[in-house]
Amino acid sequence: MSDLSAMNRSQLIDRMTSEHYDLVVVGGGITGAGIALDAASRGIKTALVEKNDFASGTSSRSTKLIHGGLRYLKQFEIGLVREVGRERAIVHRLAPHLVRAEKMLIPLIKNGTFGKFSTSMGLMVYDVLAGVEKEDQRKMLSKEETLSEEPLLDASNLEGGGLYAEYRTDDSRLTIEVIKTATTFGADLINYVQVDEFLYDQGTVTGVKCADLLGSQSISLKAAYVVSAAGPWVDRLRSKDKSLEGKHLHLTKGVHLVVPHARLPLKHSVYFDVSDGRMIFAIPRNRVTYVGTTDTDYHGDINHVVTTRQDLDYLIDAVNHTFPSVDIAIDDVISNWAGLRPLINEEGKSASEISRKDEVFESDSGLISIAGGKLTGYRKMAQKVVDIVAKRLRKEQNRAFKKCMTDEIVLSGGIFDNPEAVAAYIDLIARKLEGFGFDHLQANYLVSNYGRQTDEILDKMADYQDDEPDVALARAELWYTVNNEMVHQPLDFIGRRSGRLYFDIRSVPPLIPSLFKDLAHYFNWSENEQVKAKEDLDRALFEAENFT
Ligand code: FAD
């Protein structure tokens, strides 16, 4: 049985409560996942607890780009551009199925933010800093070339364009693959376990007291070090530790909307400027195009972040202004998501001016917290924290640990020699799926999500021969993710493992009865549990399809 099987929960809890860990990580977003992998692979005995599902915080609500941070160039954050540029190449190598090269088109508009010369120079500096391979380096385009790359742009004010290299990913899949890889090095990771208090011995943190949110028990974990990677919740945990002083978080909300690809049929990902001086991405992805993001100060409930009509109007106006012929309306929006950036406050700076740099806080009690940063930089953030922990453990316990080696650890599902091997595998899967009536996009979806693990899912489909192919595939994926990715709730699967909530929401309703039946069977759900799960899923579907 996989260490991340949801069926293994009680044994896992028994094991975790009887261990004495070197390190307990709080938070199962990309930052915590990265720390767990780095620490475990160096030989540090590590546990991670996540209060909701893995990646349910900011790490499922980003723009889903592993990017070189072109916008940081505008803010002259040269070091950051260089670091994230290098990092994205590494993450692409570690999971080539999940981190895919994506050309981004910047249209140059009459009286727009960008001139031809400054864009050309900016992209050139970006290529150098980010170490972009020669064949991927920026290309400046004439007006005609730009229109041929993206005919939906407004020809009346277009002056040209710039094409540059980015990478696209799925944030929650990246998080779960990092988590799965951490278990292969012996880390113990669990979701639906919430840290309520820190445990202390003479003022020093020695563990965490948690609630099992799928059961009723209280769980105490003992550790030499506790790291909080709680994203937007970092300050809450610092408050519990009575160490919230000095620097603190500045939360900003970012919203994305999703429309059917047919309503915004972009040939290209486009990064365009908006009248308020910000930049927005429009990214075609399989059957949809998604657009984002907003960046507004947030003071609401951090456990429940929703999209407002104002957020959607802002994005719709931006789209219609840049691609006037499409005329998107609110009814075209089929899904949306909203997330919080856990930025480090900088007095007097507005939401979009604040640096995206990460920062480590250490309290007198020994609690280490990390916040800020980017999905793209998760590996480096992890290295920074684990270097601190390893150094202390070495000194205090006279133990030796390996150096950080996560730049060489291929993520689960990512065993491909190069992007061509990914493309060949997609073709192979597409041929296997032909008999079920699926198209190439379905193969692309499966391989982007699960990489080589797709084989196991397709094998399992044979057990569901009596179902329609869509249902059989979803049931096989559900079975795989329950047994290997700790799926407990419908939304874990529909949202964060399969991405259907965001990228294929219309496929969800016909799947619900079978998925519920399987989950009720796997977990022996009571009538009440079924009702509660259904209410939670209905609410999530409603919020994805609506706004306040
Ligand atoms: P989170 O993902 O929020 O994880 C923290 C976790 O801690 C949560 O899952 C939470 O449930 C858990 N937790 C909290 N309290 C407790 C507790 N008491 N006990 C147990 N668990 C707890 N970056 C990029 O590189 N590329 C992008 O394209 C990009 N786009 C973005 C767009 C938007 C709109 C936003 C908001 C961010 C974007 N980012 C992007 C930034 C990136 O998404 C974040 O930096 C990253 O996801 C933060 O991850 P995290 O693990 O620190 O936080």
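Here, buried means under 20% relative accessible area, exposed means over 50%, and partly exposed lies in between (1.4 Å probe, protein chains only). The model is predicted, so local features need pLDDT of at least 70 and side-chain atom pairs count only at pLDDT 80 or more, while totals for chains, interfaces and linings use all residues. Residues are numbered from 1 along each chain as its sequence is written, and side-chain values use heavy atoms, with hydrogens and water left out.

**View 1. A salt bridge between Arg287 and Asp439.** A salt bridge here is a side-chain nitrogen of Lys or Arg within 4 Å of a carboxyl oxygen of Asp or Glu. The two side chains meet at 3.2 Å, N to O. The pair links distant parts of the chain, 152 residues apart: Arg287 is in the loop between strand E13 (279–285) and strand E14 (288–292), and Asp439 is in the loop between H11 and helix H12 (440–450). Helices (H or I, at least four residues) and strands (E, at least two) are DSSP runs, numbered from the N terminus. Arg287 is partly exposed at 32% relative accessible area, and Asp439 is also partly exposed, at 36%.

**View 2. Arg399 reaches Asp22 through a salt bridge.** Have a look at the closest N and O atoms of this pair, which are 2.9 Å apart. Arg399 sits in the loop between helix H10 (378–397) and helix H11 (419–434) and Asp22 in strand E1 (residues 20–26), so the bridge ties together parts that are 377 residues apart in sequence. Arg399 counts as partly exposed, at 28% relative accessibility, whereas Asp22 counts as buried, at 8%.

**View 3. Asp518 and Arg475 join two helices.** Their side chains meet in a salt bridge of 2.7 Å, N to O. Because Asp518 belongs to helix H17 (residues 512–523) and Arg475 to helix H14 (residues 469–484), the pair ties together parts 43 residues apart in sequence. Asp518 is buried, with a relative accessible area of 8%, and Arg475 is buried too, with 17%. Elsewhere, a network of salt bridges links Asp53, Arg173, Glu177, Lys180, Glu485, Asp492, Arg496 and Arg497.

View 4. An oxygen atom of the ligand is 2.9 Å from a polar backbone atom of Thr58, and an oxygen atom of the ligand is 3.5 Å from a polar backbone atom of Lys64. A nitrogen atom of the ligand is 3.4 Å from an N or O atom in the side chain of Lys374. The protein covers 97% of the 1,000 Å² of accessible area that the ligand has on its own; such areas come from the Shrake-Rupley method with a 1.4 Å probe, and for residues only the protein chains shown count as cover.

**View 5. Asp188 makes a polar contact with Arg15.** Their side chains are joined at 2.5 Å. Asp188 lies in strand E7 (residues 188–190) and counts as buried, at 3% relative accessibility.

View 6. Most residues other than glycine have a negative phi, and most peptide bonds are trans. Tyr192, in the loop between E7 and E8, has a positive phi of about 55° and is buried at 9% relative accessibility. Asn524 likewise has a positive phi of about 55°; this residue is in the loop between H17 and helix H18 (527–545) and is exposed at 66%. The peptide bond from Gly292 to Thr293 is cis, with omega near 20°.

How values were computed: A polar contact is a pair of N or O atoms within 3.5 Å; within protein, one must be able to donate a hydrogen and the other to accept it, and residues adjacent in sequence count only if both atoms are side-chain atoms.
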